Amino acid sequence: MMERTRFERELQDLGIEIEYPHNYEQDLLSLSPAKLSREPAFVPSSDPVPFAPLPSSGSYWPIITAHSMGRTVSFKTTKGSIEGKESRMFLYRREGGKRYHAAVDLFANFGDPIVACEKGTIINCYRFLYNKKDKSNIPSECGKDPSPYRATYAIIVEHPNVVVNYGEVAWDSLIRAGLKKGSAVSAGQVIGFAGNNPGGSSMLHFETYTKGTKSNKSWPKGSSRPKELLNPTKYLLYLKNSGLGAAAPQTGQSLPKGPAAPLQTTIDKASGGTPSFGRLIVDTSRIGIPEALRFSYDFSSLDLIWTAKFIVGEAGGRDDLDNHAVIWAMFNRYAFFTHKNYPSFHQFLRAYSTPLQPVLNSWGAAKRHMNKPEFVRTGGYYLPPHNDIPKGQLKRHLKLQSMPWNKLPEKARSLAERALKGQVSNPIGNASEFGSTYEYFHDHYDRYPNDSEWRRYTESYAQLKGWSWIGSVQGLDQKNNTFFVQKRRTVAKDPKSPYFSELPYNAVQVIPQK
């Protein structure tokens, strides 16, 4: 497999299929060692299950996820070693050895979009994994809420050369994706969302079958293997190494033919054509900015979508100076600090912003809402000593997370696009921290402060946190959000390096790209 150029990768991110002078139907074993360092074994050793035929050019990895193991394929190698996690591989023992696992389980977070690997047709959708004692209470068909019982569902898609069970998806997947049984789907189109199974975990249960199969097949130990069953391991390894990432199309790019779906909706041509998003940098060419802070990151279409959702979730979607400041605080924080932990800006936003978190990070937030109707339990509990508090998220936040681009408020979309193109001025300099000290005062004293009290409290709060308040900024109401700059050293082990609060104003910049 030849190395793709940056231009080719950008085309792929736009959803544009690239044809190579390459036989994509070749056996996966012919790939170079760099692409496939270990070969999957035939299983079981006697009468092994045939491998599923490899997907065609332009196929997609089936999950859009920020999970740290999001492209892990678990399998046993020809040398007997285990890649990934043994319990997730094809034909692992289930129910104490009573049956074989007919799938490869892929890592995912609750609510992650599931996409069609290839073009195809949805031929079935039904109840899949649930507690057997609850069976009579759980709707067998997709689209009916099984609450308060926990269950996941299966979407069966017939592709050109294989039938795939996209298993353990949420009950409302097809509704949210704008699809139904019989719908045609395109490669990379969102067809569902990772659910939460009775055990409290989320994943994509990926099974493959011969053409004509209408539902998944169980394989009890001691019985003959289902003749329709195929081993999905090589199919998934091909997608891991060569499949496209299911990124949403850029502005001006239309969807492949087929029903519209979240995260696959056309980004409107507000700018009169396909935009070139800006580059986020720390400008170390300026005097006083250490070379150790050098940083460069090109914004993507997924960054655009999640920035717009961030604007809606954190401040109601308004296009005003307060929101400009919040966006720049996120730019500064990512460029200075968190890019080391998150490979993309949108992954950082989803971890930082409470409305964008698939599951509430804070046990305290979950505790405040756990008994309210809008609280959705996502499975499992927080770590001790808070292990009596169920994990979950609010319905309105989950709705925002799954909302397609064209349903987001126009002002939020416009502001997000301008910000990522470098067309929004920075009103807060190098500030990366913010919070409402006006509300903090109220929480502490049970009354709101006057202007003098608020300023003294803000200065004291900054000193306590080891920050520096940026002071008054014309037009910026910091009683909504107060902004601070870190006072720690820019280079931790260099006592002569400047503090972040001493850097030249606007050390972080968004450079427009032609």
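The following dialogue examines a predicted model of one protein chain.

Biologist: On what basis are residues numbered and values computed here?

Modeller: Residues are numbered from 1 along each chain as its sequence is written, and side-chain values use heavy atoms, leaving out hydrogens and water. As this is a predicted model, local features need pLDDT of at least 70 and side-chain atom pairs count only at pLDDT 80 or more, while totals for chains, interfaces and linings use all residues.

Biologist: How many helices and strands does the chain have?

Modeller: Helices (H or I, at least four residues) and strands (E, at least two) are DSSP runs, numbered from the N terminus. By this rule, the secondary structure of the chain comes to eleven helices and 22 strands.

Biologist: What percentage of the 514 residues is buried?

Modeller: A residue is buried under 20% relative accessible area, exposed over 50%, and partly exposed in between (1.4 Å probe, protein chains only). Of the 514 residues in the chain, the buried share is 53%.

Biologist: Which residue of β22 is the bridge partner of Val282?

Modeller: Strand β15 (residues 279-282) pairs with β16 (residues 295-298) in the antiparallel sense over four bridges, and in β16 the partner of Val282 is Phe295. β15 also pairs with β22 (residues 508-511), again antiparallel and over four bridges. In β22, the bridge partner of Val282 is Val508.

Biologist: Which residues touch the most other members of the largest nonpolar core?

Modeller: A nonpolar core is a set of buried Ala, Val, Leu, Ile, Met, Phe, Trp, Tyr and Cys residues joined through side-chain atoms within 4.5 Å. The largest such core holds 53 residues, and the elements that give two or more residues to this core include β7 (120-130), β8 (151-158) and α3 (233-242). The members that touch the most others are Leu106, Ile114, Ile155, Tyr166, Ile191 and Phe206.

Biologist: How far from Glu168 is the nearest side chain of opposite charge?

Modeller: Glu168 lies in strand β9 (residues 163-169). Lys and Arg count as positive and Asp and Glu as negative, with His and the chain ends not counted; a salt bridge is a side-chain nitrogen of Lys or Arg within 4 Å of a carboxyl oxygen of Asp or Glu. Glu168 is buried yet has no salt bridge. The nearest side chain of opposite charge belongs to Arg94, at 7.1 Å.

Biologist: How many residues apart are Arg225 and Asp47, which meet in a salt bridge?

Modeller: The side chains of Arg225 and Asp47 meet at 3.4 Å, N to O. Arg225 counts as partly exposed at 22% relative accessibility, whereas Asp47 is exposed at 52%. Arg225 lies in the loop between β13 and β14, and Asp47 in the loop between α1 (6-13) and β1 (75-76); the separation is 178 residues.

Biologist: Which residues form a network of salt bridges with Lys479?

Modeller: Lys479 forms a salt bridge with Asp451, the closest N and O atoms being 3.8 Å apart. Lys479 counts as partly exposed at 26% relative accessibility, and Asp451 is partly exposed at 39%. The network links Lys479 with Asp451 and Arg455.

Definitions and conventions
Pairing = 2+ DSSP bridges.
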